[in-house]
Amino acid sequence: MFDRFDHDGRALCDKVFSVIRNAIFLIFAVFLGFEAAAQELPAINGHILPYRTWHHLVMPGDIVTIAAKPDERIVMDGETVGNAWLAPDQAGTHRLEVVNGQGDAIAEVSVFVLEPSANIDARGYLNGYRIGTYPRDTPIGFIKFEDADSDIAVSPSFRLGQFLCKQQPEHFPKYLLVSGTNLERLEYLLADLKSEGLTNADTFFVMSGFRTPAYNTTIGSAKYSRHMYGDAADVYLDVDPRDGVMDDINGDGMITKADADYFFDHALSLFTATDKVKPGGLGSYKANAVHGPFVHVDGRGRPARWGR
Ligand SMILES: [Ca+2]
């Protein structure tokens, strides 16, 4: 009797324990499942995409590996491909989509096969577009930009045409670079300004993005300017009204350096408080004869600030 009771008691205990264990396991599995669902954008060459709309730079002949889930389809320029794609020998832009089991594109990536900097001629030109000479760290290649490429997405809120250098407006192809590090900073800042109700802008106005070394020298900018690497952008908010100058974001009824400073202060406190984006530079600028107030944002990898 005692044995049976003991046996039943143990069985009951085992059952209760098993139910609790299974419940814990289930909660844990659901939690992990949500985690995976929330986090899992595809990875390209080992890097998980930070946004569903993004870009990727490769050299001609490079292999691009795309890590997607088993039920997802990888589509390059409209054709289903495997997990590895061989970049062609010619510079150009390709469109990568990852499509889920329901047929929805869950990631859209502009893949830029770069024009090698080795093709810059002795005069400093790349297919007739003036690059000049880098004082150090010449990039291995450049994004080739044709006349119709302005609207190619490089991140959720930014397009390739926003970052063009202001030289040879009639010449094609043009060449430029964009920086994922700095685009992550710009996206993070824009999203925060919107969530704080400070703007309803879909993007920043990019007054100056990429600069060739030749152009950078012409305007008398810093010798090692991050703009020459596509890693810097001079930006302002311009939607209310859209008139080519910074909006009155500090609400004092005037467009002055105080607006750039307000923007700068917001960006500084935001970037200082987060580890979601890499550190970089921030500069606040007043208006001059040719432009209004603006803020410089770069992705140099360490904090730097000036103009404030
Ligand atoms: Ca103002």
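What pLDDT does the protein chain average, and what share of the residues score at least 70? The chain averages a pLDDT of 91, and 87% of the residues score at least 70; pLDDT is the predictor's confidence in each residue, from 0 to 100. This is a predicted model, in which local features need pLDDT of at least 70 and side-chain atom pairs count only at pLDDT 80 or more, while totals for chains, interfaces and linings use all residues. Residues are numbered from 1 along each chain as its sequence is written.

Let us begin with the stretches to read with care. Over residues 1-7 the pLDDT stays under 50, and the model gives them zero contacts beyond four places in sequence. Two residues are in contact here if their C-beta atoms, placed from the backbone, lie within 7 Å. Residues 32-37 also have pLDDT below 50, with zero contacts in the model beyond near neighbours in sequence.

Helices (H or I, at least four residues) and strands (E, at least two) are DSSP runs, numbered from the N terminus. Two strands pair if DSSP finds at least two bridges between them. Ala 43 has Ala 67 of β4 as its bridge partner. In the loop between β1 and β2 you will find Asn 45, whose phi is near 45°, a positive value in a residue other than glycine.

Three bridges pair β19 (residues 281-285) with β21 in the parallel sense, and Gly 283 stands opposite Trp 306 in β21.

The angles run from 0 to 180 degrees between N-to-C directions, and axes are lines fitted to C-alpha atoms, for helices over the stretch in contact.

The axes of α2 (residues 180-195) and α4 (residues 257-273) come within 10 Å and cross at roughly 110°. The two are therefore roughly perpendicular, a term for angles of 65 to 115 degrees. From α2, the contact is made by Arg 185, Leu 189, Asp 192 and Leu 193, and from α4 by His 266, Ala 267, Leu 270 and Phe 271. By class, this contact has five nonpolar, one polar and two charged residues. Ala, Val, Leu, Ile, Met, Phe, Trp, Tyr, Cys and Pro count as nonpolar, Asp, Glu, Lys and Arg as charged, and the others, Gly among them, as polar.

**Two cis peptide bonds**

Most peptide bonds are trans. Here, a cis bond joins Phe 172 and Pro 173, with omega about -5°; Pro 173 is in the loop between β15 (158-159) and β16 (174-176). Another cis bond joins Asp 240 and Pro 241, with omega about 0°, and Pro 241 sits in the loop between β18 and α4.

Methods: Parallel < 35°, antiparallel > 145°, perpendicular 65-115°, else oblique.
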